[in-house]
Amino acid sequence: MPQRYPAGEACGHGTGEAQYLPAVSFQERAETSLITLLTQVLGFAASNSAARRVATQNGLRLIAERVDGEQHTTLLDEGTTQQVLSALVSSAELAGEATFYLKASRKPPE
């Protein structure tokens, strides 16, 4: 089960440069697995093994930003890499409209 963290603890503060991030259409990719998004669609990882390794090392997060600016971050573990995008977004359990970001990094936050 994914672990939840307050946004400030898990991802720090945003830089306001979200428009420069790669984007995918939720409608087009709702049934795409996270590992496929990471490797084939976004190119965040060179292989499935590399994507699982990032998750194992606590470097994979789903960040939900509500329209009021509140952020919620979910730490994604290795088991979530096989889940489809729609299941991950549903697991965020946010009321109201939100924008979702996927963060993949090798170094976990301090």
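Modeller: Arg61 lies in strand β2. The model is a predicted one, in which local features need pLDDT of at least 70 and side-chain atom pairs count only at pLDDT 80 or more, while totals for chains, interfaces and linings use all residues. Residues are numbered from 1 along each chain as its sequence is written, and side-chain values use heavy atoms, with hydrogens and water left out.

Colleague: What makes a stretch a strand or a helix here?

Modeller: Both are DSSP runs, numbered from the N terminus: helices are H or I with at least four residues, strands are E with at least two. The protein chain has five helices and four strands, in the order β-α-α-α-α-β-β-α-β from the N terminus.

Colleague: Why is Arg61 called buried?

Modeller: Buried means under 20% relative accessible area, exposed means over 50%, and partly exposed is in between (1.4 Å probe, protein chains only). Arg61 has 6%, so Arg61 is buried. Of the 110 residues of the protein chain, 31% count as buried.

Colleague: What does the side chain of Arg61 reach?

Modeller: The backbone oxygen of Asn58, at 2.8 Å. A polar contact is a pair of N or O atoms within 3.5 Å; within protein, one must be able to donate a hydrogen and the other to accept it, and residues adjacent in sequence count only if both atoms are side-chain atoms.

Colleague: Why is Asn58 called partly exposed?

Modeller: Because its relative accessible area is 37%. Asn58 lies in the loop between α4 and β2, and its phi is near 60°, a positive value in a residue other than glycine.

Colleague: What makes a group of residues a nonpolar core?

Modeller: Its members are buried Ala, Val, Leu, Ile, Met, Phe, Trp, Tyr and Cys residues joined through side-chain atoms within 4.5 Å. The largest such core has twelve residues, among them Leu34, Ile35, Leu38, Ala51 and Leu62. Two or more residues each come from α3 (34-41), α4 (48-56) and β2 (60-66), and the largest share, four residues, is from α4.

Colleague: Why are α3 and α4 called oblique?

Modeller: Axes are lines fitted to C-alpha atoms, for helices over the stretch in contact, and angles run from 0 to 180 degrees between N-to-C directions. Under 35 degrees is roughly parallel, over 145 roughly antiparallel, 65 to 115 roughly perpendicular, and the rest oblique. α3 and α4 pack at about 120°, with their axes 9 Å apart, and are therefore oblique to each other.

Colleague: Which residues make the contact?

Modeller: Ile35, Leu38 and Thr39 of α3 meet Asn48, Ala51 and Arg52 of α4, where contact means heavy atoms within 4.5 Å. Among the buried residues of α3 are Ile35, Leu38 and Thr39. Their cover includes α2 (26-29), α4, β2, α5 (85-91) and β4 (98-104).

Colleague: How do you know that Leu85 is buried?

Modeller: Leu85, in helix α5, has a relative accessible area of 12%, so Leu85 is buried. Leaving aside neighbours within four places in sequence, Leu85 is in contact with Phe26, Arg29, Ala30, Thr32 and Leu37. The C-alpha atoms of Leu85 and Ile35, 50 residues apart along the chain, are separated by 9.8 Å.
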